[in-house]
Amino acid sequence: MTNPSSVSHELIQTTAVPLAQSGVDLTEATLRRQRLVDPSPTEDECCLVQIYPPDVIEGMLLLEEEEFSIGRSPETDLPLFDSSVSRQHAMLIRGNEGYRIRDLGSTNGTFVNEKVVHPDCALRSGDTIRIGSFLFRFLSAGCVETHYHETVYSVMTRDALTGTMNKRYLMEALNREIARSIRAKMEMSVVMLDIDHFKSINDTHGHLVGDEVLRTFGQRVGEICRSDDLLARYGGEEFCLLLAATGHKDAHEMAERCRHAIADTPFDTAAGALAITASFGFAVLNPSEPKSASGLLGAADQQLYEAKRSGRNRVCG
């Protein structure tokens, strides 16, 4: 794992879409680059670490200015070229007691720990800042290095938007669980979950509302999971539930409980209450006829396809 105190990090101008598609005239805009070299944070130095999307900024951005602007405009200190971000979206302001964040009248709002900022609020180390579709973690001096490593580990293993594990972690865990189940001669199951008509939600209400749906979906299914179950975002609106020591009957029952948790109560979003359903397909590993991780996921995916084909909002397996 990279140690922020031993290497240089270059903050590359953040782009949610290719610059050529963003409408920015690069011949007129100065590309802002900031470099963090062998940081030894003083008592009043703080930083931002981008956690979603996780592959845009590498390393952490040291905050040195009294006022630090964020927005879609290339003239801001941290330009985020995405339509969900206002041109002048938010400002970080250093005061006697540390940084505060102020919303600058943005269209979609600024959020700290998923609470709207109105008009500003103090920042504490570990706070999550959401601006449009971007998520950042604010770290204060004195614990930057420790929290940086914790944040990087979280980025590597968790989906920042939903709080579930990510696909990389899922595949590693699935391979281990298959090997363990074969040795112990125990069944195990995987459930593929897919939000119904998710594209129409994004198309009708915008991807910020789609993000709200994804977050709530992850929370509701996560609350159903047992302590040894593993829920991961597989990609887009598709999730995977790994159920150790679970046969056909219990897997079907678990999937039905998750289905009801989604379908029975509308999702509260910025666009109002939305009725959301999901389709489920599951497959069971027979230890006497073992499958690979890809084979087991493929079998569950086929059942998911059948659930979609036969009308959605149902469990097949």
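User: What are the ground rules for numbering and confidence?
Analyst: Residues are numbered from 1 along each chain as its sequence is written, and side-chain values use heavy atoms, with hydrogens and water left out. As the model is predicted, local features need pLDDT of at least 70, side-chain atom pairs count only at pLDDT 80 or more, and totals for chains, interfaces and linings use all residues.

User: Why is the pair E114 and R215 called a salt bridge?
Analyst: A salt bridge is a side-chain nitrogen of Lys or Arg within 4 Å of a carboxyl oxygen of Asp or Glu. For E114 and R215 the N to O distance is 3.9 Å, so the pair falls within the 4 Å limit. By this rule the count comes to 13 salt bridges.

User: What makes E114 and R215 a link between distant parts of the chain?
Analyst: E114 lies in the loop between β10 (110-112) and β11 (115-116), R215 lies in helix α4 (residues 207-224), and they are 101 residues apart. Helices (H or I, at least four residues) and strands (E, at least two) are DSSP runs, numbered from the N terminus.

User: Why is R215 called buried, and why is E114 called partly exposed?
Analyst: Buried means under 20% relative accessible area, exposed over 50%, and partly exposed in between (1.4 Å probe, protein chains only). R215 has 10%, so R215 is buried. E114 has 39%, so E114 is partly exposed.

User: How do you know that D196 and K308 form a salt bridge?
Analyst: Their side chains meet at 2.7 Å, N to O. D196 is in the loop between β15 (188-195) and α3 (198-205), while K308 is in helix α6 (residues 293-309), 112 residues apart. Both D196 and K308 are buried.

User: What separates E306 and R309 along helix α6?
Analyst: They are 3 residues apart, which means about one helical turn. Their closest N and O atoms are 2.7 Å apart, and the two form a salt bridge. E306, at 28%, counts as partly exposed; R309, at 54%, is exposed.

User: Which residues are linked in a network of salt bridges?
Analyst: R100, R102 and D120 are linked in this way.

User: How many helices and strands does the protein have, and how much of the protein is buried?
Analyst: There are 6 helices and 21 strands. Buried residues make up 49% of the 317 residues.

User: What share of the contacts joins residues 24 or more positions apart?
Analyst: A contact means heavy atoms within 4.5 Å. Among contacts with a separation of 6 or more, residues 24 or more positions apart account for 60%.
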